[in-house]
Amino acid sequence: MATLNLGILAHVDAGKTSLTERLLYAAGVIDELGSVDAGSTRTDTLELERRRGITIKSAVVSFRLRGTTVNLIDTPGHPDFIAEVERVLGVLDGAVLVVSAVEGVQAQTRVLARTLHRLRIPTLIFVNKVDRVGARVEGLLDELAARVSPAIVPMSRVDGLGTRVATVRARTDLRRLADHDDAVLAALVEDRTPPPLRAHDDVHPVFFGSAITGAGIDELIDGITGLLPAAPAEEAGNEEAGNEEAGVNELSGMVFKVDRGPAGEKVAYLRMFGGALHVRDTVGADRVTGISVFADGRTVTRRQIAAGQIGTVRGLTKIKIGDTIGVRDDKAHQAQFAPPSLETAVVARPQSRAGLHAALVELAEQDPLINLRQDDERGEVYVSLYGEVQKEVIQATLAEQYGLDVSFRETTVLCVERLAGQGTAVEFNKVDPNPFLATVGLRVRPGDGITFDLAVEPGSMPPAFFVAVEQTVRETLRQGLRGWPVPDCAVTMTHSGYSARQSHAHAVFDKSMSSTAGDFRRLTPLVLMAALRRAGTVVHEPIHAFTAEVPPDTAPAVLPLLARLGAIPLATGAHGIDGEIPAAKVHELQRRLPALTRGEGVLDSAFDHYAPVRGTPPARERIGPDPLDRKEYLLRVVRRTL
């Protein structure tokens, strides 16, 4: 049986989880439909999800549809949890992008659509809520063509639009799809079954329906099973038939989620792209102790997980989100949304500080982008955020799962620093003012991400010393010249040197005469920051793309507010105002918009890019020894080593 790993994605409240529930019902996995409002859906299992009525963590459920095994992944729709979506996209074969027939294309819809297109993930669009008052068809198709893709193909029609008795009928043939797909056209001409929608196509078949009433669900299922590319049975493995040889090709898998079991043990969610992983196999220094795969609405204990399958693996104590099992699959690692643009300090009572750090370390395993920063002197831990809802969820999780009552300092915008040019610096072993037994020379220039390479011979000193330099470079770049992260920097090591292991005559090894990795870890920040100073950095702030849906007659009152907030209107129309605004001003715009629009204004925004700060650039308080202040840095480093 073929296997399809399918993602359901949407802007919050478009009906994504309700659609998941309807598909489970159609597949016979559940006997009764759950409700988001009642907190009874199958995939929203966390108490916090049920209470708030939103999806916070991705959830996997497996079922069979018309001869295809579907591993469906329900993802969060709220933009505060976009990182959870990012981790899922790399394991998908296809996706359904849910759009509300009433609200139409929203900010998160466009973010998701752009990413699906970039990753070339075959995508169907499901227009939900055709039974709601205000539902649209033709106008919405124009909106999809303008904001998602011009190559949209309606695959169904709606009767009784906007009423509880709305019904959906399939289009009579695939000729509209053939207008955009030569392979489909050839199949129709030759009277053959059209091939699945291919990853290199930009075509988006559009289905209409209602997850609540079930209208249009049969037609959507036809699209899921007929237009999206499922892996053949031999690729997906078949242990039910005793196929122990499944997946004999090269081992390749990716961890897209990490959770904790009842006893606190790590549980890794894994998609296999090739080969098979077995119980008792060794991964790094760990041994696999248990495997479960998703099948028929439940998890089933198995001896292996094979290509095409999704399951959970136990026993891997060092595993992290994004880790590769075997050979790396490049497609699985391409998904990348914007990093968090907000930061706050988590504050606990003094007696709870140790427990707070341990709890946040566990939460960071499940969401690495919260990016912990520990300030030991103030007893505070900083976390990065996508929004205020995520902060509330962290607070509730710490209270309910760890018994910790915490508060937060005011949320601030998280800027970044980008290099203005190129800079070099070097300090030589046993040459003043260098107090460390190490030679480190570094060149920095603008890059794409953080990269580290060598302009010296790899054999010029022990590998552990090079590792120490690279690790310290990456750590130091978390705080640039003004304290902000430096996310895009190409670093080259231009000089290296060390004092070989030696001792006094007839004596044991003398550390004071020999270089250690610690010498390189302590010297590297001084050299790197000197190089950054010579290159110069420019502070950039996060900019959001926004759509302000406002009554046309209120636009003249809104535009002056946008100007005062530093926003740039890019387009105005019947739907409202599109533009860009500094992330720091989004909350104020959201707060003031209703008063200017008779309470009818609605704001949608999502991170779009970084731009240089206008005026005096802000600085962030530095944590730990400051390599920009050499004297203070050396005093604190020496104090730490005593």
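**Close-up 1. Contact between helices α14 and α15.** In this predicted model, Ala557, Val558, Leu561, Leu562 and Arg564 of α14 meet Leu589, Arg592, Leu593 and Leu596 of α15, where contact means heavy atoms within 4.5 Å. Sorted by type, the residues of this contact comprise 7 nonpolar, no polar and 2 charged, with Ala, Val, Leu, Ile, Met, Phe, Trp, Tyr, Cys and Pro counted as nonpolar, Asp, Glu, Lys and Arg as charged, and the others, Gly among them, as polar. Helix α14 covers residues 555–564 and helix α15 residues 586–596, and their axes come within 10 Å and cross at roughly 160 degrees; axes are lines fitted to C-alpha atoms, for helices over the stretch in contact, and angles run from 0 to 180 degrees between N-to-C directions. The two helices are therefore roughly antiparallel to each other, a label given to angles over 145 degrees, while those under 35 count as roughly parallel, 65 to 115 as roughly perpendicular and the rest as oblique. The crossing of α14 with α15 is right-handed, that is, the near helix is turned clockwise from the far one by less than a right angle, anticlockwise being left-handed. Helices (H or I, at least four residues) and strands (E, at least two) are DSSP runs, numbered from the N terminus.

Residues are numbered from 1 along each chain as its sequence is written. Local features need pLDDT of at least 70 and side-chain atom pairs count only at pLDDT 80 or more, whereas totals for chains, interfaces and linings use all residues, and side-chain values use heavy atoms, with hydrogens and water left out.

**Close-up 2. Packing of helix α10 on helix α11.** Helix α10 (residues 353–366) and helix α11 (residues 388–402) pack at an angle of about 115 degrees, with their axes 11 Å apart, and they are therefore roughly perpendicular to each other. Their crossing is right-handed. From α10 the contact draws on Leu356, Ala359, Leu360, Glu362 and Leu363, and from α11 on Ile394, Thr397, Leu398 and Tyr402; these residues divide into 7 nonpolar, 1 polar and 1 charged.

Close-up 3. Two strands pair if DSSP finds at least two bridges between them.

**Close-up 4. An open sheet of 4 strands.** The strand order is β26-β27-β29-β28, with mixed pairing. Strands β26 (423–427) and β28 (450–454) stand at the edges, each with a single partner strand, so one side of each is left without a neighbour in the sheet. The twist averages 20 degrees from one strand to the next. Strand β28 pairs with β29 (residues 489–498) in the parallel sense over 5 bridges, and Cys489 of β29 is the bridge partner of Ile450. Helix α12 (residues 463–476) packs on the sheet, touching β27 (438–446), β28 and β29, and its direction makes about 155 degrees with that of β28.
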